[in-house]
Amino acid sequence: MKLLGIGSRIEHATYGTGVVTNVTSKHYWVTFIKDGLETIAIDSDFEVIEAVEDEVDTISFYEVEKSLKSLLQKWSDVTEIAPIADRWKKGTLIFRSADSNLADKEIPIDTFFHKIVMVRDRIRVMEQKINSSKTLDDQDKIDLQQYITRIYGSLTTFNVLFKVKSDQFVGSRSK
């Protein structure tokens, strides 16, 4: 199977017509006319309208992308784009009190998900700042890292919202 290059045009049964804007080892990032940016597995079922070849070196492109993300996360609090799982798109989160006299509170799941991603990214930045700190000793770094791991573990409930597994929270694992 030959990989499509950036700029290739495809027709997807669910999303319609789109253009490949990024390629990773497992996914195409495709900007679709009607649904915007979506990630689809490389082996997904779609029709190639126009293939652009020899434009992608997935190993070096991926490494460059990974390095750039790492630098941006280390030196800024820019939020990384993480796609929401398809089943939650355009959904609503409803908070309902046990007191039936109180009104429900509804918010779009996309808004809630964006807040969760911002929390995750800020925890990652804090983790990197702790690890690169020159004023903290090694034991302080270990202690703070354990707290961060526990925070990630507390947030794993929200992993159901993430489309891509590598974007999810990971706490400490038992062996």
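Hi everyone, let's start in the middle: the largest nonpolar core here has 14 residues, and Phe-113, Phe-162 and Phe-169 have the most contacts inside it. By nonpolar core I mean buried Ala, Val, Leu, Ile, Met, Phe, Trp, Tyr and Cys residues joined through side-chain atoms within 4.5 Å, with buried meaning under 20% relative accessible area (1.4 Å probe, protein chains only). Helix 2 (109-131) and helix 3 (138-154) each give two or more residues to this core, and helix 2 has the largest share, six residues. Helices are DSSP runs of H or I, at least four residues, numbered from the N terminus.

A quick word on the source: this is a predicted model, where local features need pLDDT of at least 70, side-chain atom pairs count only at pLDDT 80 or more, and totals for chains, interfaces and linings use all residues. Residues are numbered from 1 along each chain as its sequence is written, and side-chain values use heavy atoms, leaving out hydrogens and water.

Now, how do helix 2 and helix 3 meet? Their axes, lines fitted to C-alpha atoms over the stretch in contact, with angles running from 0 to 180 degrees between N-to-C directions, come within 10 Å and cross at roughly 165 degrees. Helix 2 and helix 3 are therefore roughly antiparallel, the word for angles over 145 degrees. Residues in contact (heavy atoms within 4.5 Å) include Arg-120 and Ile-123 of helix 2, and Leu-144 and Ile-148 of helix 3.

Back to Phe-162: among the residues it touches, not counting those up to four places away in sequence, are Ala-82, Pro-83, Phe-113 and Ile-116. On helix 2, Phe-113 and Ile-116 are both buried. Thanks, everyone!

How values were computed. Buried means under 20% relative accessible area, exposed over 50%, partly exposed in between (1.4 Å probe, protein chains only). Angles under 35 degrees count as roughly parallel, over 145 as roughly antiparallel, 65 to 115 as roughly perpendicular and the rest as oblique.
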